[in-house]
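Dear colleague,

Please find below the sequence and structure that I am handing over to you. My findings follow directly after them.

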Amino acid sequence: MKVDVLLGLQWGDEGKGKVVDVLTPRYDVVARFQGGPNAGHTLEFEGKKFVLRSIPSGIFQHGQTNIIGNGVVLDPVLFKEEAVSLEESGVELKKVLKISKKAHLIMPTHRLLDAANEAKKGASKIGTTGKGIGPTYTDKVSRNGLRVGDIYNNFEEKYAVAKAKHIETLQMLGASVDLSELEPKWFDAIKYLSEFEIIDSEHYINNLLKDGKSVLCEGAQGTMLDVDFGSYPFVTSSNTICAGACVGLGVAPNKIGEVFGIFKAYCTRVGSGPFPTELFDETGRKIRDIGHEYGAVTGRERRCGWIDLVALKYAIMLNGVTQLIMMKSDVLDTFETIKACVAYEINGETVTEFPFSVEGNVKPVYKELPGWNVDMTSIKSEDEFPVEFSNYIKFLEAELNVPITILSVGPDRAQTIVRK
């Protein structure tokens, strides 16, 4: 068997959680392969709304096994809050969730370091969520990290060593260090975390594949936030692309099967960083209001703009996308004209390949298409699509050279159309 991978193709917030939830019945296992609690995957069904931060989005369907992989960084306190809330809603989490021994732990001092580093940057700040993600990945790469498996091996000693290094750095940055409230909650959450099944996830997943089990790998954030290929330095701290599933779960490249690439019918971005198609006018505000474009974790307003096909083609290339999934199609229901960026104009030159940098004087070149002016939120099949929307889909498929197999016409699980 091979693993299928599901990931975002833009700057995150594409709607991955909803699609994982919809696709989960096809699979035996759902495994999250990177990121941390800065990711917010929103799911809505049966009149209820859930926001998942670290726990895979397959936990609501039919008792499938869910795995937090080694590529994830885990905040025990936020994990406990999320897990307890799910258990109170009726999810038997300890029966279905397993956690990799090699996943790195976010310490209280990581959050302090995140805030201190961001404050030090001043006007050039990246706009992190302040969850300690970056400092935790920094410790991982510099071989100073604390992992879930360390809970069973000289944990307090390892914690003390890492904490001392962090405090020294914080003092150098001139930041105050008060752990009197943070540490007791953190160690209490560590105790709760240890009640879950902690596994050697790379062996576990590969043995599942040998046994013919099907696995869906769930990514967080989006391709354009990838630490190597995104709009650096305004990126996250992990590899959000398909290759990240290999290193974030211990799966060989030849085990990758289908790659589901998720994108919105327009573009959004949270925080700082370049955004070539960003709209600063009433159209941008209208997209934000209709689409409820506010961060699921942070509540921050998302910057909104037209779809960027230059960036999208780049993301499809990097990930080897085999199927496209378009989200929030209904948000554009009332627009007379829909625009799609098909090229950039940089210093008088027309560019169709995503460049080294999109900061500065990058002007989007648009193609205009007629809007459909139909409320699509109650549509149940593609046979009901307005002609203009069907033409928009055909245009995108021709430009991107990958089929769009699933479309979302609303936030609920039921508002999902699988094309024939």
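In this predicted model, strand β1 (residues 3-8) and strand β11 (residues 256-264) run parallel and are joined by five bridges. As background, the strands of a sheet pair through backbone hydrogen bonds, either parallel or antiparallel.

Both strands belong to an open sheet of 10 strands, whose order is β9-β7-β5-β2-β10-β1-β11-β15-β19-β20 and whose pairing is mixed.

Turning to the helices, α6 (residues 155-172) packs against α7 (residues 182-193) at an angle of about 145°, and the axes are 14 Å apart. The crossing of α6 and α7 is right-handed. On the α6 side, the contact is made by Phe 155, Tyr 159 and Lys 163, while α7 contributes Glu 183, Trp 186, Phe 187 and Ile 190. Five of the residues in this contact are nonpolar, two are charged and none is polar.

Finally, a search of the whole structure finds one cavity of 30 Å³ or more. The largest cavity holds about 30 Å³ of space. Its lining consists of Leu 9, Gln 10, Trp 11, Met 224, Cys 267, Asp 308, Ala 311 and Leu 312. Of these lining residues, six are nonpolar, one is polar and one is charged.

With kind regards

Definitions and conventions: Residues numbered from 1 in each chain as written. Predicted model: local features only at pLDDT ≥ 70, side-chain atom pairs only at ≥ 80, totals over all residues. Heavy atoms only, no water. Pairing = 2+ DSSP bridges. Helix = DSSP H or I, 4+ residues; strand = E, 2+ residues; numbered from the N terminus. 1 Å grid on protein atoms, 1.4 Å probe; cavity = no way out; pocket = protein on both sides within 12 Å on 5 of 7 lines; lining within 4 Å. Points joined across faces, edges and corners; volume = space filled by probe spheres on them. Nonpolar A, V, L, I, M, F, W, Y, C, P; charged D, E, K, R; others polar. Axes fitted to C-alpha atoms, helices over the stretch in contact; angles between N-to-C directions. Left-handed = near helix turned anticlockwise from the far one by under 90°. Contact = heavy atoms within 4.5 Å.
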